[in-house]
Amino acid sequence: MMIDDLINEVSLKYPEAKAIFSLLMDDPQISNALKQVNLKKGKSQTYEYVKKMQAYAKELYNKNYR
């Protein structure tokens, strides 16, 4: 499945991606996903980290799957 392949690719750079993207697929609110995953960063840093993961996933998608 394409989405699983994409998440696996993102996980190579961001190891937490599988857990976070799985939670985001169930509930797209970042705040709800972050309540279940501890990235050991401050709140602002955590949001920024997730946004970087999402941007990287979008970049890979556009490069490899479009």
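Select L39 first. Leaving aside neighbours within four places in sequence, L39 is in contact with E16, I20, L34, T46, Y49 and V50. Contact here means heavy atoms within 4.5 Å. This is a predicted model, in which local features need pLDDT of at least 70, side-chain atom pairs count only at pLDDT 80 or more, and totals for chains, interfaces and linings use all residues. Residues are numbered from 1 along each chain as its sequence is written, and side-chain values use heavy atoms, with hydrogens and water left out.

**The loop between α3 and α4**

Stay on L39. It lies in the loop between α3 and α4. Helices (H or I, at least four residues) are DSSP runs, numbered from the N terminus. Is L39 buried or exposed? At 10% relative accessibility, L39 counts as buried. The cut-offs are these: buried is under 20% relative accessible area, exposed is over 50%, and partly exposed is in between, with a 1.4 Å probe and protein chains only. L39 and P28 are 11 residues apart in sequence, and their C-alpha atoms are 18 Å apart in space.

Move to K40. This residue is also placed in the loop between α3 and α4. K40 is exposed, with a relative accessible area of 74%. Check its backbone: K40 has a positive phi of about 60°, although it is not a glycine. Most residues other than glycine have a negative phi.

Next, select T46. It lies in helix α4. T46 is buried, at 8% relative accessible area. Beyond its neighbours within four places in sequence, T46 is in contact with L34, L39 and K41.

**Helix α2 and its buried face**

Colour α2, residues 17-26. Which residues of α2 are buried? They are A17, I20, F21, L23 and L24. Look down the axis of α2: these buried residues fall within an arc of 160°, so they line one face of the helix. The arc is that of the directions from the helix axis to the C-beta atoms. An α-helix has 3.6 residues a turn, so residues three or four places apart point the same way.

Turn to the other side of α2. There, M25 and D26 are exposed. Then show what covers the buried residues of α2: the cover includes α1, α3 (30-36) and α4 (43-64).

**α1 against α2**

Show α1, residues 2-13, together with α2. Two packed helices are described by the angle between their axes and the distance between the axes. The axes of α1 and α2 come within 9 Å and cross at roughly 140°. Axes are lines fitted to C-alpha atoms, for helices over the stretch in contact, and angles run from 0 to 180 degrees between N-to-C directions. α1 and α2 are therefore oblique to each other. Angles under 35 degrees count as roughly parallel, over 145 as roughly antiparallel, 65 to 115 as roughly perpendicular and the rest as oblique.

Select the contact residues. On α1 they are I3, I7, N8, V10 and S11; on α2 they are A17, K18, F21 and M25. By class, this contact of α1 with α2 has 6 nonpolar, 2 polar and 1 charged residues. Ala, Val, Leu, Ile, Met, Phe, Trp, Tyr, Cys and Pro count as nonpolar, Asp, Glu, Lys and Arg as charged, and the others, Gly among them, as polar.

Zoom in on S11 in helix α1. S11 counts as buried at 13% relative accessibility.

**α2 against α4**

The axes of α2 and α4 are 11 Å apart, at an angle of about 90°. That makes α2 roughly perpendicular to α4. A17, I20, F21 and L24 in α2 meet V50, M53, Q54 and A57 in α4. The residues of this contact divide into 7 nonpolar, 1 polar and no charged.

Pick Q54, which lies in helix α4. Q54 counts as partly exposed, at 33% relative accessibility. Leaving aside neighbours within four places in sequence, Q54 is in contact with F21, L24 and I30.

**The largest nonpolar core**

Finish with the core. Which of the 20 residues in the largest nonpolar core touch the most other members? They are V10, F21, V50 and M53. A nonpolar core is a set of buried Ala, Val, Leu, Ile, Met, Phe, Trp, Tyr and Cys residues joined through side-chain atoms within 4.5 Å. The elements giving two or more residues to this core are α1, α2, α3 and α4. The largest share, 6 residues, comes from α4.

Last stop: V10. Apart from its neighbours within four places in sequence, V10 is in contact with A17, F21, M53, Y56, A57 and L60.
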